[in-house]
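We will go from stop to stop, and at each one you will be told what to pick and what to look for.

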Amino acid sequence: MAQQREIEQVGALDALLKALLPVTRVVDAVTTWIGKRVSWLILAAVVVSALNASVRKIFDTSSNSWLELQWVLFSVVVLLCSPWTLLANEHIRIDIVNNMLPKRLRDSIDVVGHAFFLAPLAIIMIITGIPFFLRSVEINEQSGNAGGLPQWPAKALVMIGFGMLLIQCVSELIKRIAVMRDLIPDPHATQVHALEAEVEHIVEAIEKR
């Protein structure tokens with residue numbers, strides 16, 4: 001009886017995962033679409049920074065609003081592209097150690113990390129970020145620097161960025177469990193990380209000598 005109940009529970013889990021997988025594909029598509037477009041703001045931040053430096057050196061003048069704009073642009077990229085980084089499996093980890101572990105253990109570490117560390121952190125940041133943003137809007141908070149930018153748009157990035165990260169975290173959690181249940185192939189199975197690619201390139205260069 002207990003074994004039959006366990007089989008039914010496993011079957012129900014698999015059915016739930018199969019029902020949620022189409023949702024993860026939508027989440028992944030939206031995350032990729034946003035990430036590819038927002039990442040171009042890095043170029044905008046570089047241009048603004050270069051113009052600020054040039055104007056300051058040539059004309060001996062500057063503007064706090066333009067200085068703060070480059071910081072805001074960089075913040076937009078960091079916060080709104082973090083879900084895309086998670087989707088691409090390019091988040092920071094100790095790849096050398098991680099790659100030495102059995103795949104089953106790596107998958108388990110991902111599930112635990114997503115469920116008990118990343119998701120709670122994102123939830124806490126959203127919960128604390130909402131009143132942080134609303135208070136700034138209520139008082140129409142402005143920069144402490146003369147001629148600076150309003151503060152509430154930048155503070156909105158906290159709850160928006162972590163909200164997107166939480167959604168992508170759930171998507172990754174569903175997919176990772178589905179991979180462990182052999183319901184889908186591992187989307188990162190053939191992925192070569194930048195560090196691994198660099199090591200391979202160095203080894204090839206040495207062998208050619």
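Which residue with a positive phi follows α3? Select Asn89: this residue comes after α3, and its phi is positive, near 60°.

Before moving on, a word about what is on your screen. This is a predicted model, in which local features need pLDDT of at least 70 and side-chain atom pairs count only at pLDDT 80 or more, while totals for chains, interfaces and linings use all residues. Residues are numbered from 1 along each chain as its sequence is written, and side-chain values use heavy atoms, with hydrogens and water left out.

**Stop 1: Asn89 and its loop**

Stay on Asn89, in the loop between α3 and α4 (95-98). Helices here are DSSP runs (H or I, at least four residues), numbered from the N terminus. Is Asn89 buried or exposed? Asn89 has a relative accessible area of 9%, so Asn89 is buried. Buried means under 20% relative accessible area, exposed means over 50%, and partly exposed lies in between, using a 1.4 Å probe and protein chains only.

**Stop 2: along helix α3**

Now select residues 64-87, which form helix α3. Its 24 residues should span 34 Å at 1.5 Å a residue, and the end C-alpha atoms are 35 Å apart, which agrees. The expected span is 1.5 Å times one less than the number of residues. Look for the bend of about 45° at Cys81, with a proline, Pro83, following within four residues. A bend is the angle between axes fitted to the seven residues ending at a position and the seven starting there. Colour some buried residues of α3, including Leu73, Val76, Val77 and Leu80. An α-helix has 3.6 residues a turn, so residues three or four places apart point the same way.

**Stop 3**

Next, select Asn52 in helix α2 (residues 41-59). Asn52 counts as buried, at 9% relative accessibility. Not counting residues up to four places away in sequence, Asn52 touches Trp66, Leu67 and Gln70; contact means heavy atoms within 4.5 Å. Show the side chains of Asn52 and Gln70: a polar contact of 2.9 Å joins them. A polar contact is a pair of N or O atoms within 3.5 Å; within protein, one must be able to donate a hydrogen and the other to accept it, and residues adjacent in sequence count only if both atoms are side-chain atoms. The C-alpha atoms of Asn52 and Gln70 are separated by 9.3 Å, and these residues are 18 residues apart along the chain.

**Stop 3: Thr31 in α1**

Select Thr31, found in helix α1 (residues 2-38). Thr31 is buried, with a relative accessible area of 8%. Beyond residues up to four places away in sequence, its contacts are Pro83, Trp84, Leu87 and Gln168.

**Stop 4: helix α5**

Now pick residues 103-138 for helix α5. Just after α5, click Asn140, which takes a positive phi of about 50°.

**Stop 5: Ser143**

Finish at Ser143, in the loop between α5 and α6. Ser143 is buried, with a relative accessible area of 14%. Its side chain reaches the backbone nitrogen of Asn145 at 3.0 Å.

Notes. Helix = DSSP H or I, 4+ residues; strand = E, 2+ residues; numbered from the N terminus.
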